[in-house]
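Open your viewer and get ready to select residues. This tour goes stop by stop.

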Amino acid sequence: MRRVREEPGWLRGEPPPRWARIAPVAATVVLCLAQWFTPGAELGYFLAGIPAVAAFAYGATGTAVFATAVLLLLGIPQLGVAHARGTDLATVAVVGLLSVVIAWVRHRRDAQLVSVRTAAEAAQLAVLPPVPERVGPVRCTGLYRAAQQGTLVGGDLFDVRAGPYGVRAVVGDVQGHGLAAVGTVAALLGAFREAVLDDPELMAVAARLDRRLLRDAEDGPLEHPELFATAVLLEFPPGRDLVRIVSCGHPPVLLLRGRSVSEVTAEPGPPLGLGLTGPDLPQPTELRLLPGDRLLAHTDGVTEARNAAGHFYPLSLRLPALTTDPAGLVSAVWRDLEGFSDGGPRDDVALLVLSLPPSAAATP
């Protein structure tokens with residue numbers, strides 16, 4: 001499952017890129033050569049900035065080496081680079097010392113940042129672990145993009161779990177987005193995972209999620225008295241080539257049959273968290289699956305993405321051209337969505353593709 005936004009390695013705590021480490025060395029060589037070939041110009045004093053440049057890519061020891069080399073180049077007249085004396089050398093020495101301090105502070109800050117980010121990513125992955133390629137007989141492919149930069153989990157959620165009543169999946173979108181919604185996402189996923197094992201009916205799973213949100217809203221802060229989420233639940237009963245779907249205010253699931261795309265007509269239900277029980281919950285919709293059928297569940301971050309003209313992303317219209325992409329359907333949809341919305345949507349995005357292999361289908 002793809003979830004992490006692409007960032008340069010040195011922003012993720014990895015060593016700086018090679019060009020950043022080569023830059024101060026190259027600048028030193030170029031300035032020295034320029035001074036030697038143009039003795040009338042005074043270019044050597046530009047070397048005083050080299051330690052500050054090195055501080056961005058090297059540690060305190062490496063920066064100290066550059067600072068010492070610059071002092072030698074400027075303070076030894078026989079080298080033909082400069083003729084610094086007295087206060088000039090003192091100024092260069094102070095700049096070098098400050099650069100060493102900056103490099104030391106930067107290195108400590110980077111180490112702390114890596115530690116904090118590693119812990120944060122581990123916590124987020126514990127909330128929403130990657131979906132495996134296969135859960136029981138069901139093949140799964142998922143893609144998640146959080147709207148908030150630098151996070152792995154936002155206000156969307158999905159999960160696929162196997163239990164005694166078959167394989168069940170959930171795709172949801174909670175109120176709010178970003179880190180503020182992660183607590184609600186964690187609560188819903190925890191309730192869903194328990195329901196997969198305990199509740200024999202798919203409607204009972206929806207009712208459990210609804211109760212979870214109601215309780216969290218009662219125990220939450222007064223400034224947020226309402227807490228709700230849209231969700232779609234899917235169930236693949238064991239030994240049968242069909243799927244049951246319960247929709248709670250969520251965008252419809254799309255059925256991909258060959259290169260044709262259609263919306264699965266499910267009984268609409270209101271969002272979770274409004275205190276719905278019993279007959280108020282939507283009844284499951286059963287859909288017979290043929291070999292090769294795929295189901296695409298998504299959040300509204302996909303269909304509400306806009307282009308420069310303000311038009312919404314027409315997912316169902318663009319899917320037929322994306323179904324044969326060798327990189328996979330969810331990757332093709334994401335690339336197409338990025339191009340359509342000029343860099344990607346501004347909301348959390350979740351895509352989940354589910355299918356049954358032909359060998360898993362049995363005559364009902």
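A crossing of two helices is left-handed if the near helix is turned anticlockwise from the far one by less than a right angle, and right-handed if clockwise. The model is predicted, so local features need pLDDT of at least 70, side-chain atom pairs count only at pLDDT 80 or more, and totals for chains, interfaces and linings use all residues. Residues are numbered from 1 along each chain as its sequence is written, and side-chain values use heavy atoms, with hydrogens and water left out.

**Stop 1: the pair.** Select α8 (residues 315–322) and α9 (residues 329–340). Helices here are DSSP runs (H or I, at least four residues), and strands are too (E, at least two), numbered from the N terminus. The two helices pack at about 125°, with axes 10 Å apart. Axes are lines fitted to C-alpha atoms, for helices over the stretch in contact, and angles run from 0 to 180 degrees between N-to-C directions. Their crossing is right-handed.

**Stop 2: the contact.** Contact means heavy atoms within 4.5 Å. On α8, show L315, R318, L319 and L322. On α9, show L329, A332, V333, D336 and F340.

Stop 3

**Last stop.** Select D342, which follows α9. Its phi is positive, near 60°.
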